[in-house]
Amino acid sequence: MVKRLITLLSLLLILSACSQTSLNDEVKGMVYESVKKGDFKLEIDSSKKTYKEVEPIDIKASLIYIGDKKEVTITHANPPMLFSVQHTDGELILENMIAFVEMSNELKKGEPLVQKISNLVPSNGFAIDEEVTDDVTLPKGEYHITVKAEFTYNNQDFEIPLTIQINVE
C-alpha cells in the first residue's frame, strides 16, 4: 500500500513538473507553423482552425531574430510581412497593399516583430462587397493563408514564405 502511494505521488510529481511552462512562453493558437532561414524565424499563428462567416479572422505573423547578436537592423517595404488569402478553388485572392518605401526595424534577439492580418484587397479582379478594413472576414470555404517576410539584412535579401489552411463555415 505504501509502495503504491509512493509510486502514485512520484508519478504525479513527474507529470506536474513536465506540464509546467515558464511565464515567458507565449500561448500559440489552434493553427501554428514556423520556419527558420539563416538567423531568422518566421511564425504564423491562427487562433482557430474554423471561423464563422461573419467572424473576423484572427491571424498574426511574427519575424524573430535568432542569431548571435543582441540586435540587428533589417530594411524592408511597408509592411515587412505580406499576407495573401487564396480560396482553395483559386477564385478569391486577397493580398496586402504594399508601399515601396524603404523602412528599417531593429530586431532584438528573441523579440518578435508582430503583424496582424489586415487591410487586404482583391488582387485578381474578384469583387468584394465590403470596404477595406482592419478586420478580415471571408465567405464560406477553405483558404490558404500565406505570409511572406521580405527584407534585407547584411546586404542579403531574404524572402521567407509560410502557409497555413483555415476553414470558414
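Guide: Buried means under 20% relative accessible area, exposed means over 50%, and partly exposed lies in between, with a 1.4 Å probe and protein chains only. This is a predicted model, in which local features need pLDDT of at least 70, side-chain atom pairs count only at pLDDT 80 or more, and totals for chains, interfaces and linings use all residues. Residues are numbered from 1 along each chain as its sequence is written, and side-chain values use heavy atoms, with hydrogens and water left out.

Visitor: What is the relative accessible area of E150?

Guide: The side chain of E150 meets that of K148 in a salt bridge at 3.3 Å, N to O. A salt bridge requires a side-chain nitrogen of Lys or Arg within 4 Å of a carboxyl oxygen of Asp or Glu. K148 is partly exposed at 28%. E150 is also partly exposed, because its relative accessible area is 28%.

Visitor: Are E43 and K41 buried or exposed?

Guide: The structure holds 3 salt bridges. One of them joins the side chains of E43 and K41 at 3.4 Å, N to O. As for accessibility, both E43 and K41 are buried.

Visitor: What is the N to O distance between the side chains of E55 and K48?

Guide: K48 is partly exposed, with a relative accessible area of 33%. Its side chain meets that of E55 in a salt bridge, and the N to O distance is 2.4 Å.

Visitor: Which residue in β4 stands opposite D45?

Guide: β2 and β4 pair in the antiparallel sense over 7 bridges. Opposite D45, β4 places K60.

Visitor: Which residues have the most contacts inside the largest nonpolar core?

Guide: A nonpolar core is a set of buried Ala, Val, Leu, Ile, Met, Phe, Trp, Tyr and Cys residues joined through side-chain atoms within 4.5 Å. The largest has 35 residues, and those with the most contacts inside it are F40, I59, L138 and I145.

Visitor: Which residues of the list V72, I74, L107 and F158 does F40 touch?

Guide: Contact means heavy atoms within 4.5 Å. Leaving aside residues up to four places away in sequence, the residues that F40 touches include V72, I74, L107 and F158.

Conventions: Pairing = 2+ DSSP bridges. Helix = DSSP H or I, 4+ residues; strand = E, 2+ residues; numbered from the N terminus.
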